[in-house]
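Open the model in your viewer and show it as a cartoon. Keep the selection tool at hand.

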Amino acid sequence: MNDTIAAIATPLAPSAVGILRLSGPGAISAVDRVFAPFSGGPMAQRADRTLVYGALHDREGGVIDHCLCTLSRAPRSYTGEDTAELQCHGSPTALALGLEALFAAGARQAGPGEFTRRAFLNGKLDLTRTEAVADLIHAETPAAVRHAAGQLGGALERAVGGVYDGLSDLCAHFHAVLDYPDEDIQPFEAAELADALERAAAELDKLAATYQRGRLLNEGVPCAIVGRPNAGKSTLFNALLGYDRAIVTDIPGTTRDTVEERVNLGGVLLRLIDTAGLRDTGDAVEQLGVERSRDAIGRSELILAVTDGAADFTQEDREALELAAAAGKPWIWVMSKRDLTGPSALWGGGWAGAPPAASVSLSAQTGEGMGELERAVAALFPAPPAGQAGAMLTNARQAEAAGRARAALERGAGALGAGMPPDAVVADVEEAMAALGELTGRTVREDVTARIFERFCVGK
């Protein structure tokens, strides 16, 4: 990290403001070669975090914009290095010319997430906060934004750090007794070790229990819309999206494959899956679609089972509801075409199987009842309480590291119960600490770091 990086930190589209960002030992000198304050004197003589108005020049020295510039010197900056930002008008062409001038002044193009990566390597962020930056950028619901902000504020780091520090104290006590036998140090008791392992394991169990909820908050809830042909599935799918994504006709079997889109419904991010109508068919292509519909049910965390309120309840309707009820996931019975039937027809079909989590009568054409569906979904996947914001595991890397730590503690407890000496048990404790260190970044492999920053955009 001995070089200086630069990037356009805002989207390449016409906008009110566009930002050029630099970090590295040559950031200030590079800015002074392309930016001239109107008040005189170079930026190198200006105080940190002060906005200075001036002219931005291209590599030939021609003025391309009047903009603002600010500096943050090491170590009191986002990256821990000297940094600079040029706040320009949002012309993609002007920003590109400014970036070329910065390259000519000694900077190089930053890679995806390289600013945040430098912040991590310089000890400004741990890995949980680093991942929170990417989560915040990609957040699609208010709950996801609040959780990412909480994690960026260190909620998960503190939760993991508490377990790590407790295990660290345990190991320090053991080694102190072992290395300094003549000192007046309280003996290392097996009961103390057993109690500490139990407390740490309980904390990790609580943390592991947050993963499913945290993952769905970040990635979205897979939600299959199922039912017999022409029940109104694709019409509902389009209504939830707000535009015509799936083809809708009066011909049964129009949808022959799954169609997937993301939508925010009631503050819940849904990964909607419109499916082929469930029925027995001799059409080989349609049958493939039906098989994919069944697969979509299996991988969903929520099922919307749609029946046609303007038609008689059929055996195909019953089989679709039975599939939804048997999936072992929350499901909502949606009676479509409320504009033709009225809301009272919902339970008129004679369904007597396992009850749904909710039932809604709606019209995707007029919007009647859509608010009821929104409230039903929000009730099934409520936002995390304020006190838990940021303290949930949200990705497989975090869950895997926490799982390895928990397994190591379990092995240590088993060894202790089998009468193994404390040093053998402490070896498992240190293995648990190493796994927790990977979660926060205290100990982490380079390939893991590289995978984390693949999600970032250039300029962040």
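This tour of a predicted model moves from a sheet to its strands and then to helices.

**Stop 1: the sheet.** Select the six strands that run in the order β9-β10-β8-β11-β12-β13. They form an open sheet with mixed pairing. Look at the two edges, β9 and β13 (358-361), each of which pairs on one side only. From one strand to the next, the twist averages 25°.

**Stop 2: strand β11.** Now select residues 302-308. Are the residues of β11 buried or exposed? Seven of its seven residues are buried. One side carries L302, L304, V306 and D308. The other carries I303, A305 and T307. Both faces are covered.

**Stop 3: the neighbours of β11.** Zoom in on A224, which stands opposite I303 in β11. Then find I225, whose bridge partner in β11 is L304. D308 stands opposite S336 in β12. Strands of a sheet pair through backbone hydrogen bonds, either parallel or antiparallel.

**Stop 4: over the helix.** Helix α11 lies across both strands, running at about 170° to β11.

**Stop 5: helix α9.** Select residues 233-241. Seven of the nine residues here are buried, so α9 is largely enclosed by the rest of the structure. Colour the buried ones: K233, S234, L236, F237, N238, L240 and L241. What do they pack against? Their partners are β8, β9 (259-265), β10 (268-274), β11, β12 and α13 (370-380). Compare directions too: α9 makes about 50° with β9. Step past the end of the helix to G242, whose phi is positive, near 90°.

**Stop 6: helix α4.** Finish with residues 127-138. This helix has twelve residues and reaches 17 Å from its first C-alpha to its last. That is close to the 16 Å expected at 1.5 Å a residue. Its buried residues include L127, T128, T130, E131, A132, V133, A134 and D135. As you turn the view, keep one rule in mind. An α-helix has 3.6 residues a turn, so residues three or four places apart point the same way.

Technical notes
Residues are numbered from 1 along each chain as its sequence is written. This is a predicted model: local features need pLDDT of at least 70, side-chain atom pairs count only at pLDDT 80 or more; totals for chains, interfaces and linings use all residues. Side-chain values use heavy atoms; hydrogens and water are left out. Buried means under 20% relative accessible area, exposed over 50%, partly exposed in between (1.4 Å probe, protein chains only). Helices (H or I, at least four residues) and strands (E, at least two) are DSSP runs, numbered from the N terminus. Two strands pair if DSSP finds at least two bridges between them. Contact means heavy atoms within 4.5 Å. The expected span of a helix is 1.5 Å times one less than its number of residues. Axes are lines fitted to C-alpha atoms, for helices over the stretch in contact, and angles run from 0 to 180 degrees between N-to-C directions.
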